[in-house]
Each structure stands twice: as structure tokens, then as C-alpha cells.
Amino acid sequence: MTIRLPRFTVGADAFDAFGPELGNRGKTVAVVHGEKAWQAAEKYVLPALQKAGLTVSGCILYGKEATWENVNKICAREEVRGADCILAVGGGKCLDTVKLAADMLDKPVFTVPTIASNCAPVTQISIIYNPDGSFREIPRLKRVPEHCFIDPRVIVAAPIRYFRAGLGDAMAKHVESSWSCKGGEALSFASETGINAGKMCFYPLLRLGQQALRDAERGLATQAVEDCVLNVVVSPGITSVTVHPDYNGGIAHALFYGLTQRKHIEENHLHGEVVSYGTLVNLMVDKDWEKLSAAYAFGKAVGLPTCLADLELTREDPLEDVLNATLANQEMKHTPYPVTKQMLRQAILALEDYRP
């Protein structure tokens with residue numbers, strides 16, 4: 001068993017680590033980025049690469065979606081093929097696309113998250129969608145990214161909704177990992193370590209999340225912001241790369257992928273927002289009233305979805321297509337007890353009437 005834990009540098013001087021980290025893998029780097037991400041990060045990234053003595057072979061827009069089509073386009077670019085390493089700069093979809101392209105090319109990839117919306121900057125998977133926005137698959141990669149560089153100044157410059165969604169996505173990691181291992185089987189050292197690390201995705205965010213959002217809205221990279229960013233990006237990543245795949249998912253994410261059957265979900269709602277709703281459904285199915293009360297109150301306080309109307313759905317909608325896709329999703333291959341469509345439907349309706 002070999003486990004490579006996420007490696008990261010955080011702070012206003014994070015990009016000073018380009019030299020010792022990227023420099024160890026060669027002298028040329030291809031930068032592949034998101035459009036808005038590059039507008040926010042270019043003024044920091046390019047001077048830091050120059051200061052590190054690295055040659056940029058090209059600055060390439062990855063596309064707009066995490067699809068195989070965009071992966072193949074990146075793989076075909078000569079600026080990428082000829083570079084010693086790849087630096088991915090952007091949000092989760094950008095990073096997942098570039099990570100998979102680097103994996104295909106067998107090149108080292110480094111990440112610069114420009115939003116704190118998920119753990120994609122440090123994980124060993126990529127979440128890939130179809131061109132229409134519906135979920136396709138989650139390829140497992142050969143290795144985790146070599147290093148992640150987190151500058152909170154870049155994070156707080158992004159629209160606040162991404163950070164808010166990130167809090168929701170991170171909290172799901174603890175709920176799902178602790179739920180999926182409840183079947184009573186013996187846990188390996190790695191899985192038990194990851195499941196315990198998952199607590200950092202939940203309790204510190206309950207404690208600091210509201211303050212961090214207020215600070216970020218004011219453009220302040222405070223300690224509360226930095227702590228929450230790390231518990232959105234790094235802590236779920238530690239869980240993701242250490243636990244057995246059986247414990248790396250659950251109802252929260254499966255329901256998100258099911259909901260992508262509805263076109264407006266991908267168009268109007270961020271991943272973490274929808275996953276946050278799925279977390280409440282997961283807790284309702286499990287009758288975990290203590291965590292449900294805390295997560296529901298937090299969601300209400302910060303503006304995360306807590307009911308169907310928040311996702312532009314109604315309780316009269318049978319959600320047949322959504323629930324069928326949810327149960328068929330790979331996140332539901334291992335559950336601590338049988339989960340049926342009726343159980344999910346009942347939990348969704350119970351959540352409509354829930355008041356902590």
C-alpha cells in the first residue's frame with residue numbers, strides 16, 4: 001500500500017515555492033487555466049514563475065467544462081507535450097481536466113486553486129462530465145498532484161458564492177465517509193485515518209464558516225479564511241486519498257450527480273451548493289439528528305440550499321429520473337445498509353417539513 005498525502009503551501013508568499021517545487025521537475029512549464037481564474041491570478045503567477053527561473057511554454061485556456069473533449073485538446077497541444085510539467089490554475093473543473101490530461105501524458109501536474117469550492121486541487125481523481133453538463137465518470141489517476149499553491153488573496157477576490165459552496169461540499173466529506181463505514185467491517189489504518197481527518201471538514205467549518213464568509217466578502221484574507229480554505233481544499237483531499245474507495249462517497253454526492261439529469265442544476269447551481277443539500281438528505285436517511293440539526297442551521301445561516309425550492313424543484317415532482325440516476329451512481333456501490341428509491345424520496349419529503 002502506497003499513499004501519497006496532499007502537499008501544499010499556503011499564504012501570501014505561496015507562489016515563492018514555485019522555484020523549489022516546480023524547479024525540481026524541470027525548467028519549462030505549461031500553464032493551463034480557466035478564463036476568469038487567469039484574470040485573477042495572472043498578475044501573481046507569471047511574475048512568480050519568472051522569479052523562479054522557469055520558462056513558460058504557453059498559457060492555455062482549458063475550455064469551459066471538465067470533459068474528455070477538453071482533456072484531449074490539452075493533450076494535443078505542443079506547448080503542453082513539450083513542457084517538463086504542467087501548472088493548472090483555476091476552479092475544480094479546470095483542475096480536474098488538467099489533472100486528467102497530465103495523467104494521460106504522464107507529466108507532473110501542480111495546482112493553483114483560484115476559488116475554494118472543493119478538494120480538486122489535491123485529489124487523485126477527476127470528475128468528468130458529458131458536453132451537455134450531465135455526469136459521466138470519475139477516473140482514478142496515477143498519483144495526486146505534485147504540489148498545491150494556495151494564495152488566500154486570490155481566493156477572496158473570487159465571487160463569494162464559490163467559497164460558500166466550498167463549505168457545503170467539504171462538510172459532505174465527513175458526513176459521507178463516517179456514514180459509509182457504519183456497516184461494521186474492520187477498517188484499515190489508512191481508512192480510519194482518513195475518516196477521522198474528515199472531521200476537520202465539518203466541525204471547524206461550523207465554528208468558523210460564517211466569520212470566514214464575512215471576512216472574504218470584505219476581501220480580507222484573515223486566519224478564519226485561511227483555516228476554512230484549508231478545510232475545504234486540503235482536509236477533504238486527505239480523506240479522499242487515504243480511505244478505501246468504499247468510504248469515499250455517499251448519498252450527498254450521488255444525489256448531486258442524479259440531479260445533473262436536470263439541465264438547470266448545472267446551469268444555475270454550483271456543485272457544492274447541491275452537494276450541501278444532498279448532505280442533509282444523507283443525514284435524514286440515517287436519522288443522524290445531531291449532525292442534521294447543526295448542518296441545517298449552518299446552511300440556513302449562510303444561504304446554502306435546505307429545501308427543493310432552493311434548487312428550483314417542487315415536492316410534487318416525483319424525481320424519478322433523478323433518483324434512478326442517484327442509485328445507479330458509483331458513489332452508491334457501497335452503503336452501510338440497503339438504500340432504496342423510496343427511502344430517498346421519503347427523506348427528501350421529510351426535509352421539506354424539517355425544522356430543527
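**Cavities and a helix crossing**

Lys 99, Ala 102, Asp 103, Lys 107, Pro 108, Val 109, Leu 141, Lys 142, Arg 143, Val 144 and Pro 145 form the lining of the largest cavity. The model is predicted.

Q: What makes these residues lining residues of the largest cavity?
A: A lining residue has an atom within 4 Å of a cavity point, and the residues from Lys 99 to Pro 145 named above line this cavity. Helix H5 (residues 92-105) gives the most, with 3 residues.

Q: What is the volume of the second largest cavity, and which helices each supply at least two residues of its lining?
A: Its volume is about 60 Å³. Helix H7 (160-180), H13 and helix H14 (289-302) each supply at least two residues of the lining, which divides into 5 nonpolar, 4 polar and no charged residues.

Q: Why are H11 and H13 called oblique to each other?
A: The axes of helix H11 (residues 251-259) and helix H13 (residues 271-286) cross at roughly 125°. Angles from 65 to 115 degrees count as roughly perpendicular and those over 145 as roughly antiparallel; the pair is therefore oblique. The crossing of H11 past H13 is right-handed.

Definitions and conventions:
Residues numbered from 1 in each chain as written. Predicted model: local features only at pLDDT ≥ 70, side-chain atom pairs only at ≥ 80, totals over all residues. Heavy atoms only, no water. Axes fitted to C-alpha atoms, helices over the stretch in contact; angles between N-to-C directions. Helix = DSSP H or I, 4+ residues; strand = E, 2+ residues; numbered from the N terminus. Parallel < 35°, antiparallel > 145°, perpendicular 65-115°, else oblique. Left-handed = near helix turned anticlockwise from the far one by under 90°. 1 Å grid on protein atoms, 1.4 Å probe; cavity = no way out; pocket = protein on both sides within 12 Å on 5 of 7 lines; lining within 4 Å. Points joined across faces, edges and corners; volume = space filled by probe spheres on them. Nonpolar A, V, L, I, M, F, W, Y, C, P; charged D, E, K, R; others polar.
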